[in-house]
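Subject: Structure handover, aromatic contacts

Hello,

Here is the structure I said I would pass on. My notes on its aromatic rings follow below it.

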Amino acid sequence: MSNKKLAGIIAGCIIVLIAIGVMACEQPAFSINVIPEQLNGHSIAGQHCVFLVTIADEGQEGQLPVTISAQAPGAEVVIYQQDIVEGQVAEVVVIPAQASTGKTIKVTITGNRGGSTDKKIVSFDVIEGEDDRQEYAGELLDSFVSWLAANHPELGITGDTEWDGTMVSPEWLVVSHYLFFSEEWEVHIEWHIMVPPHDWAKIDLRHRFDELEPSYAFEISSLDANSEPVPIEPPETVWR
């Protein structure tokens, strides 16, 4: 083999190696977005801390799903709609263990598609406390549900809808917050702990798995006066 031919082969191999190196250094073909980046305050043991995850495609693989996974030492992790494409929403639920009280939970959320990955890290503190709002929050939700069933049947919310609830923002006192989840909807309920006529209650609704923010909201202006719910402008972000 001539020196000239050998030099050509070596040059070709170098070009291939450089191309492989450039491909390895490229940014992932997608990025993940996590909402919220931090909670409104702290959490308590047993609280379901729900993070919403979406992807933004940067390559040509827009129709291929990204698999979402998460790790959170000191907490249980449950993921709903684990495989998503752009426009869909995964829910990463982090449930701090009792032993994590007084500690910080670090959550690493990862998206994977083929050999491409992207990660986001969020963290929150776990404080001493217990869920003492579930019963009253459920009563308030029932007040809205009965009205929604009669006035907004298109939402598919009725007295037979099953809900799972969780404490949220345990340190907030004058205005209390609670989250409820059905198979289709997330409902954030908040109420003002004041005397009439300032004893209002509000809900906002997010359609799970395809919305990042609420699309409906309603208010009872005075609980003591048994006011009927009225539509209000939905908030721009979910409450966490």
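A residue is called buried here if its relative accessible area is under 20%, exposed if it is over 50%, and partly exposed in between. Please keep in mind that this is a predicted model.

On that scale, Trp 185 has a relative accessible area of 6% and is therefore buried. Tyr 216, at 30%, is partly exposed.

Searching the whole structure gave six aromatic pairs. Two of them are described here.

One is formed by Trp 147 and Phe 218, with 5.4 Å from centre to centre and 65 degrees between the planes, an edge-to-face arrangement. Trp 147 belongs to helix H2 (residues 134-151) and Phe 218 to strand E14 (residues 216-220), so this pair ties together parts that are 71 residues apart in sequence. Both Trp 147 and Phe 218 are buried.

Another consists of Trp 185 and Tyr 216, again edge-to-face, with the centres 6.0 Å apart and the planes at 75 degrees. Here Trp 185 is in strand E12 (residues 185-192) and Tyr 216 in strand E14, so the parts tied together are 31 residues apart in sequence.

There are also charges placed over rings. Lys 202 lies over the face of Trp 200, 4.5 Å from the ring centre. Arg 208 has its charged end over the ring of Tyr 80, at 5.5 Å from the centre of that ring.

Regards

Methods
Residues are numbered from 1 along each chain as its sequence is written. This is a predicted model: local features need pLDDT of at least 70, side-chain atom pairs count only at pLDDT 80 or more; totals for chains, interfaces and linings use all residues. Side-chain values use heavy atoms; hydrogens and water are left out. Rings of Phe, Tyr and Trp (its six-membered ring) pair if their centres lie within 6.5 Å; planes under 30 degrees apart count as stacked, over 60 as edge-to-face and the rest as tilted. Helices (H or I, at least four residues) and strands (E, at least two) are DSSP runs, numbered from the N terminus. Buried means under 20% relative accessible area, exposed over 50%, partly exposed in between (1.4 Å probe, protein chains only). A charge sits over a ring if NZ of Lys or CZ of Arg is within 6 Å of the ring centre and within 35 degrees of the ring normal.
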